[in-house]
Amino acid sequence: MSDRYAVIGNPIGFSKSPFIHGTFAKMTGQDLVYEAIEGPIDGFSGRVDQFRTEGAKGLNITAPFKLDAFAYANELSESARRAGAANCLKFEGDRIIAENFDGIGLVRDITANLGVKMAGRRVLMLGAGGAARGALLPFLRQQPSELVLVNRTLSKAVALAEEFAGCGPLIVSGYAELADLAEGYDVVVNATSASLRGEMPPLPGNVFQGAELAYELAYGKGLTPFLQAARAEGVAKLADGVGMLVEQAAEAFVWWRGVRPSTAQVIAALTVPLS
Ligand code: NDP
């Protein structure tokens, strides 16, 4: 019988994960089935218990269950512990092991796919929610010269900076103060959810000056207000989060199956043009 995997979320109809993992399985000749599960909002653990009794080997987790998955696990990787959330589980007997590949997926997309170095560069990250939290350690491990974290609710960014103190050159700012800080950034990453509502984070005008890359974590939205602003200020490379999505899936696939799939073809198939 084929090994079983799934993605769980609510809603789940939009999920690209069955396509991504189905394609990876075909490419690598792995015998598995991968489905999408709409988890009950107040019934994550019951639904996952059921999936495990059916012989499941692993699970991807999307909104709103990343914290539930973290609590459900009985072993945490460092990335899951640092992110305070899990986007991937592996089931081995009684072991329920949690990982979080979102941050490493983002770093791989920036450095390997887009060819933008982060080492020694100035990086600006907007947002202090789940995605930003998960990206902090993988970003700091790239050894940027400075990572500036800015958030609308400043206290959340300050709390993150305290938690990650000692991991690297992390600086916190409010949006209004950014104009004074800005010596220019090489990489500007929008890890807010503003684009999901067609909104623009309140950035001062000069933050894109001289930037090599503007990266929008939301995907499939075309040219968001953030990417439009970056283009208007002459940023050469613009990207959305489709590569991050596929790269985190590839990390999960390697972890589960021990084989690394190539990602370029899947990214190309899912890319919505930025126009
Ligand atoms: P959260 O809800 O955890 O955090 C949202 C963040 O956005 C907060 O920091 C919030 O600020 C900020 N924010 C929301 N609206 C605005 C606004 N108008 N102006 C400024 N800041 C704003 O979301 P996530 O961290 O889970 O997700 C963030 C983004 O990342 C989403 O677009 C999501 O789709 C994307 N994502 C992409 C993935 C991928 O694989 N490509 C994976 C995971 C997420 P405040 O604290 O002040 O409320």
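Visitor: Which residue in β2 stands opposite Tyr5?

Guide: Tyr34 in β2 stands opposite Tyr5. Before going on, some ground rules. This is a predicted model, where local features need pLDDT of at least 70 and side-chain atom pairs count only at pLDDT 80 or more, while totals for chains, interfaces and linings use all residues. Residues are numbered from 1 along each chain as its sequence is written, and side-chain values use heavy atoms, with hydrogens and water left out.

Strands (E, at least two residues) and helices (H or I, at least four) are DSSP runs, numbered from the N terminus. Two strands pair if DSSP finds at least two bridges between them.

Now the sheet itself. It is open and has 6 strands, in the order β2-β1-β3-β5-β6-β4, with mixed pairing. β2 (32-38) and β4 (75-76) are the edge strands; each has a single partner, so one side of each has no neighbour in the sheet.

β1 and β2 are parallel and share 7 bridges. Of the 7 residues in β1, 6 are buried. Buried means under 20% relative accessible area, exposed means over 50%, and partly exposed lies in between (1.4 Å probe, protein chains only). Helix α1 (residues 17-28) lies across β1 (3-9), β2 and β3 (56-61). The helix runs at about 175° to β2. That angle is taken between N-to-C directions on a scale from 0 to 180 degrees, with axes as lines fitted to C-alpha atoms, for helices over the stretch in contact. Contact means heavy atoms within 4.5 Å.

Move along to β3 and β5. These two are antiparallel, with 3 bridges. Gly58 faces Lys90 of β5 across this pairing. Strand β5 (residues 88-92) has 4 of its 5 residues buried, so the rest of the structure largely encloses it.

Next comes β5 with β6. The two run antiparallel, joined by 5 bridges. Cys88 stands opposite Glu99 in β6. The strands form a hairpin with 2 residues between them, and Gly93 there takes a positive phi near 60°.

β4 and strand β6 (residues 95-99) run parallel, joined by 2 bridges. Here Glu75 is placed opposite Ile97 of β6.

A salt bridge is a side-chain nitrogen of Lys or Arg within 4 Å of a carboxyl oxygen of Asp or Glu. By that rule the count is 19. One of them joins Arg95 to Glu75, with the closest N and O atoms 2.6 Å apart. Arg95 is in strand β6 and Glu75 in strand β4, so the pair ties together parts 20 residues apart in sequence. Arg95 is partly exposed at 36% relative accessibility. Glu75 is partly exposed too, at 28%.

Arg95 also forms a salt bridge with Glu92 (2.9 Å, N to O). Glu92 is partly exposed, at 34%.

Glu78 and Arg141 form a salt bridge, their closest N and O atoms being 2.8 Å apart. Glu78 sits in helix α4 (residues 78-83) and Arg141 in helix α6 (residues 130-141), so this pair ties together parts 63 residues apart in sequence. Glu78 is partly exposed at 35%, whereas Arg141 is exposed at 53%.

Now the wider setting. The protein is divided into domain 1 (3-100 + 243-270) and domain 2 (103-240), with bounds from an automatic or database domain assignment. Their centres, taken over C-alpha atoms, are 26 Å apart.

Finally, a stop at helix α7 (residues 154-163). Its buried residues are Ala157, Leu160 and Ala161. They cover an arc of only 100° around the axis, which puts them on the same side of α7; the arc is that of the directions from the helix axis to the C-beta atoms. An α-helix has 3.6 residues a turn, so residues three or four places apart point the same way. Ser155 and Glu162 are exposed on the other side of α7. The cover over the buried residues of α7 includes α6, β8 (146-150) and β9 (170-173).
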